[in-house]
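Here's a quick briefing to read next to the model. Have the viewer open and follow along topic by topic.

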Amino acid sequence: MREIGILTHSFLDAYNGKIDMIYGGGLERYLYDLSETIKELGLIPVIYQLSYCGSFQTEVNGIRVIGYDCTDKNIVDVFNLMSAEAKGLLIYASFIWQPIDYKEGSIGICHGINWDHHAASVDHKSDVASNVQNALKKLKRIVSVDSHFLSFCRSVCSYSNADKVLLLPNSVDTAHFTVSIEEEDKENIHILYPRRISIERGIVPMMLVADRLLETYDQVTIEFAGATIEDSLITKAFDLWMQYHPNQDRITHKAYSFDVMPQAYWKADIAVIPTIFSEGTSYSCLEALSCGVPLVSANVGGLNDLIIDGFNGLLVTPTEERLFQAICSLIENKDMREQLGANARHTAQAFDKQIWKRKWRDILTESFDLNKRVISAGHDFTLPTQEEEAQKQVWDQLWSREISYQWDPLSEVIFNFLIEKIGPLRDQQICEAGSGTGKISLRLAMDGAAVTLVDYSAQALEQSRMAFKQKDQQGEFVLADIRKMPIEANKHDLCWSAGVLEHFSLEEKVNILKEMARVTKPGGKVLVLVPYSRSLPYRIGKAYAEANHTWRYGTEIPVDSLKQEFELSDIEVEEERNIGFIQSMDFLDYIPGAEIIKQSAIEWYSELNDKEREFFPGYLLVTLGSVK
């Protein structure tokens, strides 16, 4: 498979010698998400980074990382050495402002202007302009996370292609960073500084503001939630400030991992982003917005792209006095906090991570002239057509909403059928192809099965991960197209799918079934559930919803039988029948006023005997087969 090299000054924590973990900053988060997007294209990301703890080669979270020692060395010289030795297609993700020897045809990324401090020298800013001009000349394209850099290039540099610099703001996983459902603490006001402890992130004015807030308001508590660089001067100063502060009992410092970072925002009444220079479209700002937390933000860099003053936050010059006054106004005005918080969540939806990933796939494909056929997990994989991409957007949008994992009647019907056909779950290897919420797989795991969930919606898999974590259950989560699953052959006792194949053509159904059979042991089972074409309530409700533009599930063609597809896939059909008549009645909910008819039909059906019920097909067609 083809490699894409990513050159950066930081990814793993080579500041503190912890190269088994990713450093907790926005740049590092960005590169992790970009690496995952590269993998989805069937390519191999390799990260080259500077190191302050010696040279190294390692792999973390499935990403190969090569560290170049820069201790007591000129970091630009080391960066250029990385550039010379890096293999494959290249993305320069750092040092756009330095004199870098770029390989032509490469992509650059600007994560925000770091030369925008008002007191920086004119000579320094002139040198930066010259280096950026060199980048514009050598690189095929530069992706900017904010309009600040785009405006800089347009006003200071010269380049013929207006699309040379592409604006693509940072993103937030709105399914992970959600609004807290807990009751608000009526007594205290909890203020959150969700940033690294560093000069450019405004730690000094924040400490000065904290002094005044804690002295002025007895009900205020302040949490600093960010990583530090050990033995740095600012870290030592911050530690001493906390240790000897007269209100130290109301100050906390904690570095959260990404998985639990939403908890920091859920506790917060106000978040503060007091950056003084060097800021893009801040992840911390986006996360706070997504969690519906009212913000006080500096009017620096890309923060101006995210905050509309008085609508989703307060935008101020990052001085001690301006920050203090803005925070005080929110402390004393609960109605303003609630209004800003509500608008904050709405703003975040426009920056959802799935939008960002789709745009990056387009940038990579176009900039590197990637063929429409690339290699993925050892198999040929075709990039999605426009129709398939539109269908994927339907599911990403659906799974980005709050999903209920409360057990429901339809899930019970499907679960009972699975148990009936495969027996005791203990130690069974089960794969769900097109897992969606993963609700039933979670139940299978709770009853002892080893489950693998495969879906091409990152939103759906993240919802599943969170649900499994809440129930303290293990599962394998695979982001992939089910037509080519990166799973070894002959692994599972059962591979099953519900509500998926009806979205595909006959040829694609066969391709999917062959892939499901490939990952299943000889003698193992393949089970598929799809909407049944003879289910009258389902067909009526669906037709009404489509006519009135309220149907949420994209193109969906109900199925009469899958026996032909199973036979073409070399799967021996054991049984085919329909289930779930009562559940089919739920589709009548699309029709206003149909509730009385629905309830009457359910009561009538409940009084029929088994023989009579055979005349009224259920919502789902179930086809079960065994792998030869």
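Contact here means heavy atoms within 4.5 Å. Keep in mind that this is a predicted model. With that cut-off, W97 touches N114, W115, V128, N131 and V132, leaving out residues up to four places away in sequence. The rest goes by topic.

**Around W97**
- To find W97, look in the loop between β7 (89-92) and β8 (107-110).
- W97 counts as buried because its relative accessibility is 18%, and the cut-off for buried is under 20%.

**Cysteines**
- How many disulfides are there? The count comes to zero, taking a disulfide as a pair of cysteine sulfur atoms within 2.5 Å.
- For C157, the closest cysteine sulfur is in C153, and at 5.1 Å that is too far for a bond.
- C157 is buried, as its relative accessibility is 10%.
- C328 is buried too, with a relative accessible area of 8%.

**Helices α8 and α11**
- The axes of α8 (residues 283-290) and α11 (residues 334-349) come within 7 Å and cross at roughly 120°, which makes α8 oblique to α11.
- On the α8 side, L286, L289 and S290 do the touching, and they meet A344, R345, T347 and A348 in α11.
- Sorted by class, this contact has four nonpolar, two polar and one charged residues.

**The six-stranded sheet**
- Six strands make up an open sheet with parallel pairing, in the order β13-β12-β11-β14-β15-β16.
- At the edges sit β13 (251-253) and β16 (314-316), each pairing on one side only.
- From one strand to the next, the twist averages 20°.
- Inside the sheet, β14 (residues 270-273) and β15 (residues 295-298) run parallel and are joined by three bridges; I273 has S297 in β15 as its bridge partner.
- Helix α6 (residues 233-243) packs on this sheet, where it touches β12 (220-224) and β13, and its direction makes about 145° with that of β13.

**The seven-stranded sheet**
- Here seven strands form an open sheet with mixed pairing, ordered β21-β20-β19-β22-β23-β25-β24.
- Its edge strands are β21 (476-479) and β24 (571-579), and each pairs on one side only.
- Ignoring direction, neighbouring strands are turned by 15° against each other on average.
- Five bridges pair β19 with β20 (residues 450-455) in the parallel sense, and A433 stands opposite V454 in β20.
- Helix α15 (residues 439-446) packs on the sheet and touches β19, β20 and β22; its direction is about 165° from that of β20.
- Helix α16 (residues 458-470) lies across β20 and β21, and runs at about 170° to β21.

**Strand β22**
- Is β22 (residues 492-498) largely enclosed or open? Five of its seven residues are buried, so β22 is largely enclosed by the rest of the structure.
- Three bridges tie β22 to β19 (residues 429-433), and the two run parallel; E432 stands opposite W496 in β22.
- Six bridges link β22 to β23 (residues 520-531), again in parallel, with S497 opposite V528 in β23.

Notes: Residues are numbered from 1 along each chain as its sequence is written. This is a predicted model: local features need pLDDT of at least 70, side-chain atom pairs count only at pLDDT 80 or more; totals for chains, interfaces and linings use all residues. Side-chain values use heavy atoms; hydrogens and water are left out. Helices (H or I, at least four residues) and strands (E, at least two) are DSSP runs, numbered from the N terminus. Buried means under 20% relative accessible area, exposed over 50%, partly exposed in between (1.4 Å probe, protein chains only). Axes are lines fitted to C-alpha atoms, for helices over the stretch in contact, and angles run from 0 to 180 degrees between N-to-C directions. Angles under 35 degrees count as roughly parallel, over 145 as roughly antiparallel, 65 to 115 as roughly perpendicular and the rest as oblique. Ala, Val, Leu, Ile, Met, Phe, Trp, Tyr, Cys and Pro count as nonpolar, Asp, Glu, Lys and Arg as charged, and the others, Gly among them, as polar. Two strands pair if DSSP finds at least two bridges between them.
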